[in-house]
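Subject: Structure handover

Hello,

Here is the structure for your files. My notes on it follow below.

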Amino acid sequence: MGTLRTTDRRREPRRDVGFALMVWGVDTRGERFLQEAYARNISLSGALLSGLDAELRSGDVIGILYAGKKARYRVVWLRQSGTSYKVQAAVHRF
């Protein structure tokens, strides 16, 4: 039998770092939210966010503020992090 090979389809290298940032947007109930979250596994155009409380869907647009700079990102996918009902989200800047 052959070995299972995974291919990385990312176009940019990612860095495994961890830092806090602010996330805002509108959740699935139409309510605005603003909260702290944590970014890791980042590139120039995307990141993996963790610690989200807001109820989001793939395709939602959120804002991120870090070091005095703002940018809009689209949620690519979400999953429960397994701790304290927090959510992880992969986001891509557009």
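This is a predicted model: local features need pLDDT of at least 70, side-chain atom pairs count only at pLDDT 80 or more; totals for chains, interfaces and linings use all residues.

Ser50 belongs to strand S3, which covers residues 46-52. Once neighbours within four places in sequence are set aside, Ser50 is in contact with Ala37, Tyr38, Val87 and Gln88.

Val87 sits in strand S6 and counts as buried at 11% relative accessibility. Residues up to four places away in sequence not counted, Val87 touches Leu49, Ser50, Gly51 and Leu52, and also Leu78, Arg79, Gln80 and Ser81.

The overall arrangement

How are the strands arranged? They form a closed barrel of six strands in the order S1-S2-S3-S6-S5-S4, and the pairing is antiparallel. From one strand to the next, the twist averages 45°.

Two of the pairings can be given in detail. S4 and S5 run antiparallel and are joined by six bridges. Across this pairing, Ile62 has Tyr73 in S5 as its bridge partner, and Leu65 stands opposite Lys70 in S5. S5 also pairs with strand S6 (residues 87-93), again in the antiparallel sense, over seven bridges. There, Arg74 stands opposite His92 in S6. Arg74 has a further feature: Arg74 lies over the face of Phe94, at 4.8 Å from the ring centre.

Positive phi values

Most residues other than glycine have a negative phi.

- Ala67 is not a glycine, yet has a positive phi of about 55°. Its place is the loop between strand S4 (61-66) and strand S5 (69-80). The hairpin of S4 and S5 has two residues between the strands, and the positive phi of Ala67 falls in that hairpin. Ala67 counts as exposed, at 65% relative accessibility, because the cut-off for exposed is over 50%.
- Asn41 is not a glycine either, and has a positive phi of about 50°. Asn41 lies in strand S2. At 22% relative accessibility, Asn41 counts as partly exposed, since buried would require under 20%.

Where does Asp27 sit? Asp27 is in the loop between strand S1 (15-26) and strand S2 (32-42). Asp27 is buried, with 9% relative accessible area. The side chain of Asp27 reaches the backbone nitrogen of Arg29 at 3.0 Å. Leaving out residues up to four places away in sequence, Asp27 touches Phe33, Glu55 and Leu56. For Asp27 and Leu56, the C-alpha atoms are separated by 5.5 Å, although the two residues are 29 apart along the chain.

Aromatic rings

How many aromatic pairs does a search of the whole structure find? The search finds one. The pair consists of Phe19 and Tyr66, with 4.4 Å centre to centre and 35° between the planes, and is classed as tilted. The class is tilted because stacked would need planes under 30 degrees apart and edge-to-face over 60. Phe19 lies in strand S1 and Tyr66 in strand S4, so the pair ties together parts that are 47 residues apart in sequence. Tyr66 counts as partly exposed at 41% relative accessibility.

That is what I have on this one.

Regards

Key: Residues are numbered from 1 along each chain as its sequence is written. Side-chain values use heavy atoms; hydrogens and water are left out. Helices (H or I, at least four residues) and strands (E, at least two) are DSSP runs, numbered from the N terminus. Buried means under 20% relative accessible area, exposed over 50%, partly exposed in between (1.4 Å probe, protein chains only). Contact means heavy atoms within 4.5 Å. A polar contact is a pair of N or O atoms within 3.5 Å; within protein, one must be able to donate a hydrogen and the other to accept it, and residues adjacent in sequence count only if both atoms are side-chain atoms. Two strands pair if DSSP finds at least two bridges between them. Axes are lines fitted to C-alpha atoms, for helices over the stretch in contact, and angles run from 0 to 180 degrees between N-to-C directions. Rings of Phe, Tyr and Trp (its six-membered ring) pair if their centres lie within 6.5 Å; planes under 30 degrees apart count as stacked, over 60 as edge-to-face and the rest as tilted. A charge sits over a ring if NZ of Lys or CZ of Arg is within 6 Å of the ring centre and within 35 degrees of the ring normal.
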